[in-house]
Amino acid sequence: MIKTNVMEIKNLNVSLKTQGRDVPVVKNVSFNLYEGKVLGLIGESGCGKSATCLSIMGLLERDRWNVAGSIALNGQAIQGYNQEKVRRLRGGTLSMIMQNPIGSFNPLITLGEHFIETIRCHKTVSKKEAQQIALEMLSKINLPQPQKIMKQYPFQLSGGMLQRVMIAIALFMRPSVLIADEPTTSLDVTVQYQILGELSQLRDNYKTSMLLVSHDLGIIAQMADNVAVMYGGYIVEKASILEIFHNTLHPYTRALMQSKPSFTKNRLNVLEGYPPSIMQIKAGCPFAERCSYVQKDCQKFEMSDYDLGSHTVRCLLYASAEEAIPCACS
Amino acid sequence: MRAYIIKRLITLVPVLFGVTILTFILIHMVPVDPAQAYMTACKIPITEKALASVRVELGLDRPLVEQYVSWLGKAVQLDFGKSYVSQDPVFQEITHSFPNTMLLTLAAFSWLILISLPLGFLSAVFKDSPFDHLSRIFTFVGASIPGFWLGFLLIQLFAMKLNILPIMGKGSWQHLVLPSLTLALNYAATYTRILRAGVLENLNQPFILYAEARGLKQRIIFGKHAFKNALLPVVNAFGVSFGYMLAGSVVVEVVFAWPGLGRLITSSVFNRDYPMIQGYVLLMAIVFVISNLLADIISTLIDPRIRIGDDKVAA
Amino acid sequence: MIRLLLKQMAQRFLKRKPAVICLIFMLGVVLGGIFAPWLAPHDPTEVALKFKLLAPGGQFPLGTDDMGRCVFSRLLYGTRASLGSAFVVMIIALMIGTTIGTFSAYKGGHIDNILMRLCDIFLSFPSLVIVLVIVGVLGPGLINVMISMILVQWLWYVRIVRSLVLSITSRSFIDAAKVAGTSDRVIIWTHILPNVLPQLIVLSTIDLGSLILHFSGYSFLGLGIQPPTPEWGMMIENGRRFIRSTPELMYYPGILITLVVISLNLIGDALRDIFDGNYQ
């Protein structure tokens, strides 16, 4: 199957400007999104997932953040776009659903107005026509009584319902890329799976490619075609979903897998310690302190990605493995 | 909604009772005899005999409770007694000057909205710009300047140097400009500051991030989302401030010789015109309860969380 | 420990240039008021009609008013009435308010309820109305104005102190102290008051500014201090009659009041930031 490359991100670096120095949050991140495919981005909180999403959307305030690297959408570099062009992309070709549906809607404005104002910022249509589009979208995602929902205020709906409205708003322009930042974290489990089911159905219908951010391996396993594991601002391992689960390479990914509860295990292996604070910058692998495979060189060298064909991994353990495979792909 | 308003108006009754009783006690507790005050105000020479007859005339010889009940009985019929000084009924004096004070306060209130809303909003949008710094200076100086002094400065600038507005008194609409501006400026400074902080706080809310992620135009994000939400707490405070401005007009009325309630009450204070003071307090209590009520109603109309929540309870 | 903390706070305060300037200015004004008898070139109430409405210079640094009194001396002495009275009002109201507020919050019950109702009624009125009524009954005069200002102000402090104390007593270390058998008095003095104090200092600094504004307003209306005692608000009232010929008479006290109030606000803001910094 030929995969159509929709979005290509190369060497994305994001740093927070502080008084003394710039604090890097996202380091040298590269990945591709393919048409109709889901890339799962996984990692503990504070490892740079949200910053990655927001920098792609161009939502990081320019006077507080440095963003470098190249972001191409449908073959066009978008990082140099001016404000107005980026605004037209957002909510249009490039959509996002937020992690906190309840806080993301303005409490004083009806959901219908949220929807209509979004439509009218992207299409030149009358209020009536916008209303029609909104109603159509709402009924497509199986929301009961769309007429009523349009007139309701955010506080009258549950988190799950709001998340569905958010999905409807995100998809009305048939975006090429949908970024979902922990879309179900704040919902309870049954609602979570309904929403995920709807998301994957919509992805199939619209051929949207999706960047799904989560810290939950289960969700990633259910939804993703490819997985990128993030730690300390780096993508430490990147492969297809099958590769990741059956041929786990990076020690951090292994630790993540082991700390996932399951019925067959008696005791849960706990990954000791915490991810490094973004304020502390050290040479070498950010995971070295917690790694059970740590070698003496781990904290000395700046790591690089080792390409093992179907797998990319950022760990010294595989330094020799790459040399062994004479450039199979790339 | 209607039930709520009626309920609030009923709470007015104990407040009015409390206020009138407190004033009544206060007047009769102090060492100065009301009869004596009356005679001083009317410029009647004080003799023992005259004092006794005035006491009977004013009903001061009866027990305190009886006096209060009889005052209350008349007050219900809008008879608050006669002013010691002018001998005119208090009700007539107050209704004569109250509209002027109301006019002044309403004009000042318009200034307040006209100045603080745009200034607070724009200084938040253009944070740290020269405009923001200027407006910051305005909020600092405006909140620290004595109102009456500001009034004289304005008179000097606009009425004397530039000669474009009348100095004082009441007449055309031009007479209203300076006093109302003076009355408003202190509050305008405070509200500019509150509003700026409110808009900035709202800009950090997740719904603003989501609004940006949906690709909304900046104009809509600021105007509709940040501003409307910042306005909500301010509207309620406006109601309270309206009452404060109405009372605060006393000083401004003296500065600009504005024939309102403030001037009436200051002269009553100096003459110990007790019936006038009683009437004034009662009026103020009513004004305060009603302006607070209006503010609550308006913020209920803006905030769907209260509006719809109420309906649910009623239904 | 405490000395170190104070030193840190002082260092942080010194970093704020505007607040430091304001503090120096305030110190100057206060010292000027205290040492007025030594600093003032003239008796502030000495009438000399032959010197009336003189321009600044020579014998009179800021000129003279309509009765030939030295404006500079009157401003210096005026500090005592304008600043001093507001300060006394604040201190007394603060002491009463803190005592009753702490007690009310700590004990709760009926007294607490009654006090809160009283606050609701009194605080829904602007202080000006209450002061007008009380002065109207007691008669104009410095002491009467101060009494009525205290009557209004103490309830504010009751309410604020009460809510501050309540927020502290709900924390676990107070429970721990109670379980350990510490007496109420010790808990109040060693745990509650030290935690309330920083916020009260900030609050009272800013309140002092608004009290000064109010006080000058009452003097302007003629409710407070009676002539010939010098006071800034009254000096403005006096100077306004010469608004065409010698507006300076009106400028000096007005500028002084404004600067003092701005200074107190800026100092209060700086203190708030410093104390907030300590909590973080």
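**Exercise 1.** Determine the strand order of the open four-stranded sheet in chain A, and state which strands lie at its edges.

*Solution.* Step 1: the order is E2-E1-E4-E5 (chain A), with antiparallel pairing; strands are DSSP runs of at least two residues (E), helices of at least four (H or I), numbered from the N terminus, and two strands pair if DSSP finds at least two bridges between them. Step 2: strand E2 (22–34) and strand E5 (76–77) of chain A each pair on one side only, as edge strands. Step 3: E2(A) is joined antiparallel to strand E1 (residues 5–17) of chain A by nine bridges. In one of these, Val14(A) has Val26(A) as its partner in E2(A).

The model is predicted; local features need pLDDT of at least 70, side-chain atom pairs count only at pLDDT 80 or more, and totals for chains, interfaces and linings use all residues. Residues are numbered from 1 along each chain as its sequence is written, chains are lettered from A and ligands numbered from 1 in the order in which they are written, and side-chain values use heavy atoms, with hydrogens and water left out.
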